[in-house]
Amino acid sequence: MREVYRITRRVAVSNASVLILGETGVGKELIAGAVHQLSHRSGRPFVRVNCGALSESLLESELFGHVRGAFTGAVSNRTGRFEAAHGGTIFLDEINSTSLTLQVKLLRVLQEKEFERVGDTSTNSADVRVIAASNRDLMGEVRSGRFREDLYWRLNVVPIEIPPLRERRDDIPTLVSHFLDHYNELNDRYVAHIGPGTMDALQDYHWPGNVRELQNYVERSVVMAETDELTVDLLPECVTDRQPLVIDSMESAGPVDFDTLAKSVVHLGLRQSDSDATDVHRSVVERVERELILQVLQACNGVQIRAATRLGMNRNTLHKKIKDYGLDE
């Protein structure tokens, strides 16, 4: 995060386009706002657009405006977000949601600083700094043909990648303190103390929803607390580990690499074992191996020869493991 802040301060004083990358809920809009506030454009508008919330036709009108009669329902001229942001900054969130056709028009604005309203023939100029954000791997989107490569490189002048909360758990106490202050004031409460085990539970959780999820849980705790203490019982079951870790929920929150998933699995295995256990390696590795063999067998329609080849095992070794793990029932 120190590197994120350093790049943010450095790029803010320029007019360069910025591409902010990170999972949902990590605070991409906050970084975009900081870039604007630290720039010489801070006295001008900061306009936010969620590209994933509108259809292609509505988004084009939202961005560039339209003239009367441009389409059904266009009863008067409308100023678009680029015009509204003139002299300031426009933040295009979920830029990966835009269509290839709209991406061509965005590229023109970035390169030529010009655009036309929908249904108009006259050209307008736009002195706007563009900050875009995505919770997807945009280069992967380029390879799959869903995002224009030329637009990607035009946006990716200065990339800022925000790490997920599970990779910066040391930030959690500071974030909790900040959110407690905010929601205490908002709700006229005084939940000022952290109960035993509460911070440990928060720091051990995998946070698929990142900072936004933490913010929601702190707000809920402030509202529901009957004393001045944030206690473990105020946290949801998924945090206190009374419910199991669900890997699918991590993947649905955004791109998750295999190393992160492996760390989470091992972490959960260690937490669920006794502190004085001497067979941790066997219990964790065998459970992972069993699941691996099961899924490969399913993918190979139960054909052990194919599964053994895929796993890099001798067929007899695989057959024995299938029996040992009870997968032949």
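Which residues do ring pairs link into a cluster? I found F64, F82 and F115 there. For pairing, I took rings of Phe, Tyr and Trp (its six-membered ring) with centres within 6.5 Å; planes under 30 degrees apart are stacked, over 60 edge-to-face, and the rest tilted.

A note on the model: it is predicted, so I kept in mind that local features need pLDDT of at least 70 and side-chain atom pairs 80 or more, while totals for chains, interfaces and linings use all residues. Numbering runs from 1 along each chain as its sequence is written, and side-chain values use heavy atoms, without hydrogens and water.

Aromatic pairs: I looked these up and got seven in the structure. F46 and F91 are stacked, because their ring centres lie 6.5 Å apart with planes at 20 degrees. F46 is in strand β2 and F91 in strand β5, so this pair ties together parts 45 residues apart in sequence. (Strands are DSSP E runs of at least two residues, helices H or I runs of at least four, numbered from the N terminus.) F46 is buried at 16% relative accessible area, and F91 is buried at 1%; buried means under 20%, exposed over 50%, partly exposed in between, with a 1.4 Å probe and protein chains only.

Next I checked Y152 and W153, an edge-to-face pair at 4.8 Å centre to centre and 70 degrees between planes. Y152 is buried at 10%, whereas W153 is partly exposed at 47%.
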